[in-house]
Amino acid sequence: MHNFLFGIYPYIAITVMVMASIARYERDPFTWKSKSSQILRKRQFVAGSVLFHVGVLMIFAGHLVGLLTPIRVFDFLGVSHGAKQLLAVALGGVAGIMALVGGILLLHRRLFDPRIRANSTFADTGIMILLMMQLLLGLATIIVSLGHLDGEEMVKFMNWAQSILYLRAGAADYITDVHWLFKAHIVLGLTIFLLFPFTRLVHMFSAPVRYLWRPGYQIVRSRRGAKPARTGLAPLPRPGMEPGE
């Protein structure tokens with residue numbers, strides 16, 4: 001089971017996420033949206049949304065850089081494994097708490113506001129609950145990581161993730177003896193990847209990043225050169241003119 005969960009399941013989850021996302025975008029493009037509930041109730045939305053999204057983006061960036069950057073790069077830069085571990089604990093803890101607080105605010109709205117609950121699907125609520133569970137597991141792993149400040153546990157996860165990415169055999173062997181909280185965190189994360197294309201999370205792929213460098217423009221309405229509409233009525237006289245001129 002260990003080899004399946006950490007050696008095969010990652011490829012299943014990632015393949016389903018990519019292929020099903022493409023299929024959904026091609027077949028049902030109008031379902032590709034975040035389905036924001038701000039119009040139904042603005043209270044808690046702004047604070048919850050900002051905290052959750054900023055926290056999640058920080059977590060995602062930290063995992064991406066921390067796990068997939070080759071170890072020799074950190075060695076070349078003079079960053080020790082222990083220093084990297086402390087940095088991950090500090091930044092991950094702050095980002096995790098931000099995302100958790102924001103997620104709780106958003107989930108509270110979705111569960112206890114009658115109008116938002118009526119407009120929510122099972123997938124909308126279910127994926128938020130899974131994300132909250134994942135954040136709690138991630139924060140719990142920080143406590144375990146404090147007992148391994150030498151960074152050796154972090155190296156195991158880096159070797160595992162990079163083995164999965166580069167299709168190397170024996171990836172699961174790197175994390176055979178790690179704490180069960182880490183394993184639960186990985187499995188739930190892969191499950192969220194698997195469910196990704198069937199939920200509102202797909203809007204992550206449609207972030208309006210291009211607006212950051214799009215040149216500004218201004219729309220100006222002008223009546224210059226516009227032709228009067230044909231109403232069948234005589235035009236009004238200009239100032240200083242007698243009727244009939």
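Q: How are α1 and α8 oriented to each other in this predicted model, roughly parallel or roughly antiparallel?
A: The model is predicted. Helix α1 (residues 2-27) and helix α8 (residues 180-195) pack at an angle of about 25°. Angles under 35 degrees count as roughly parallel. The two helices, α1 and α8, are therefore roughly parallel.

Q: What is the handedness of the crossing of α1 and α8?
A: The axes of α1 and α8 lie 8 Å apart. Their crossing is left-handed.

Q: How many nonpolar residues does the contact of α1 with α8 have?
A: From α1, the contributors include Leu5, Phe6, Tyr9 and Met17. From α8, they include Ile186, Val187, Leu190 and Phe193. By class, the contact has 1 charged residue, 2 polar and, as nonpolar, 14.

Q: Is Glu153 buried or exposed?
A: Buried means under 20% relative accessible area. Glu153 has 11% relative accessibility, so Glu153 counts as buried.

Q: How many residues apart in sequence are the parts that Lys156 and Asp177 tie together?
A: The side chains of Lys156 and Asp177 meet in a salt bridge (3.3 Å, N to O). Lys156 lies in helix α7 and Asp177 in the loop between α7 and α8, so the parts that the pair ties together are apart in sequence by 21 residues.

Q: Which residues do salt bridges that share partners join into one network?
A: The count comes to 2 salt bridges. Lys156 is partly exposed, at 21% relative accessible area. Asp177 is exposed, at 56%. The network joins Glu153, Lys156 and Asp177.

Notes: Residues are numbered from 1 along each chain as its sequence is written. This is a predicted model: local features need pLDDT of at least 70, side-chain atom pairs count only at pLDDT 80 or more; totals for chains, interfaces and linings use all residues. Side-chain values use heavy atoms; hydrogens and water are left out. Axes are lines fitted to C-alpha atoms, for helices over the stretch in contact, and angles run from 0 to 180 degrees between N-to-C directions. Helices (H or I, at least four residues) and strands (E, at least two) are DSSP runs, numbered from the N terminus. Angles under 35 degrees count as roughly parallel, over 145 as roughly antiparallel, 65 to 115 as roughly perpendicular and the rest as oblique. A crossing is left-handed if the near helix is turned anticlockwise from the far one by less than a right angle, and right-handed if clockwise. Contact means heavy atoms within 4.5 Å. Ala, Val, Leu, Ile, Met, Phe, Trp, Tyr, Cys and Pro count as nonpolar, Asp, Glu, Lys and Arg as charged, and the others, Gly among them, as polar. A salt bridge is a side-chain nitrogen of Lys or Arg within 4 Å of a carboxyl oxygen of Asp or Glu. Buried means under 20% relative accessible area, exposed over 50%, partly exposed in between (1.4 Å probe, protein chains only).
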